[in-house]
Amino acid sequence: MHVEVPWKEIEAGALRGLIEEFVTRDGTDYGWVETSLDAKVDQVLGQLKTGKAVVTFDTEVESATIVVKEH
């Protein structure tokens, strides 16, 4: 079961770690232009703030991830 977790309730260091894992995982592609880790983190944080992405927690495997919402 997946539960949405309000990103504002996650400790800042833990949230940054979660975002860094999300932007560096295999298969993440940002196109032809090389983008710094900080810029990628800022982009995802912006998506969380606008609701374009959410943090979810899988209760079965006890793991959190970020999910980009489909339009």
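The legends below describe close-up views of a predicted model.

Residues are numbered from 1 along each chain as its sequence is written. Because this is a predicted model, local features need pLDDT of at least 70 and side-chain atom pairs count only at pLDDT 80 or more, while totals for chains, interfaces and linings use all residues; side-chain values use heavy atoms, with hydrogens and water left out.

View 1. Helices (H or I, at least four residues) and strands (E, at least two) are DSSP runs, numbered from the N terminus. Along the sequence their pattern is β-α-α-β-β. Of the 71 residues in the chain, 24% are buried; buried means under 20% relative accessible area, exposed over 50%, and partly exposed in between (1.4 Å probe, protein chains only). The accessible surface is about 5200 Å², and carbon and sulfur atoms account for 54% of that surface. Such areas come from the Shrake-Rupley method with a 1.4 Å probe, and for residues only the protein chains shown count as cover. Contact means heavy atoms within 4.5 Å. Taking contacts between residues at least 6 apart in sequence, 46% join residues at least 24 apart.

**View 2. The confidence of the model is given as pLDDT.** This score is the predictor's confidence in each residue, from 0 to 100. The chain average is 90, and 89% of the residues score at least 70. Among the elements of the chain, strand 2 has the highest mean pLDDT (97) and strand 3 the lowest (94).

**View 3. Three strands form an open sheet in the order 1-2-3, with antiparallel pairing.** Strand 1 and strand 3 stand at the edges with a single partner strand each, so one side of each has no neighbour in the sheet. On average, neighbouring strands are turned by 40° against each other, direction ignored. Two strands pair if DSSP finds at least two bridges between them. Strands of a sheet pair through backbone hydrogen bonds, either parallel or antiparallel.

**View 4. Strand 1 (residues 2–5) pairs with strand 2 through four bridges, in the antiparallel sense.** H2 has D58 of strand 2 as its bridge partner. E4 stands opposite T56, also in strand 2.

**View 5. Strand 2 and strand 3 form a hairpin with four residues between them.** In the turn, E62 has a positive phi of about 55°. The two strands run antiparallel and are joined by six bridges. D58 has S63 of strand 3 as its bridge partner. Strand 2 (residues 53–58) is largely enclosed by the rest of the structure, because five of its six residues are buried.

**View 6. The largest nonpolar core has twelve residues.** A nonpolar core is a set of buried Ala, Val, Leu, Ile, Met, Phe, Trp, Tyr and Cys residues joined through side-chain atoms within 4.5 Å. The members are W7, L15, L18, I19, F22, V23, V41, V44, L48, A53, V55 and I66. Helix 1 (12–24), helix 2 (37–50) and strand 2 are the elements that give two or more residues to this core. Helix 1 gives the most, with five residues. Leaving out residues up to four places away in sequence, V55 touches V3, E4, V5, W7, I10, L15, L18, L48, T65 and I66.

**View 7. Helix 1 and helix 2 each lie across strand 2 and strand 3.** Helix 1 runs at about 60° to strand 3. Helix 2 runs at about 90° to strand 2. The axes are lines fitted to C-alpha atoms, for helices over the stretch in contact, and angles run from 0 to 180 degrees between N-to-C directions.

**View 8. V68 is found in strand 3 (residues 63–68), and K69 in the segment after strand 3.** V68 is partly exposed, with a relative accessible area of 38%. Apart from neighbours within four places in sequence, V68 is in contact with F22, Q47, K52 and A53. The C-alpha atoms of V68 and A53 are separated by 4.1 Å, although these residues are 15 apart along the chain. K69 also counts as partly exposed, at 43% relative accessibility. Not counting residues up to four places away in sequence, K69 touches G51, K52, A53 and V54. Between the C-alpha atoms of K69 and V54, 15 residues apart along the chain, the separation is 7.3 Å.
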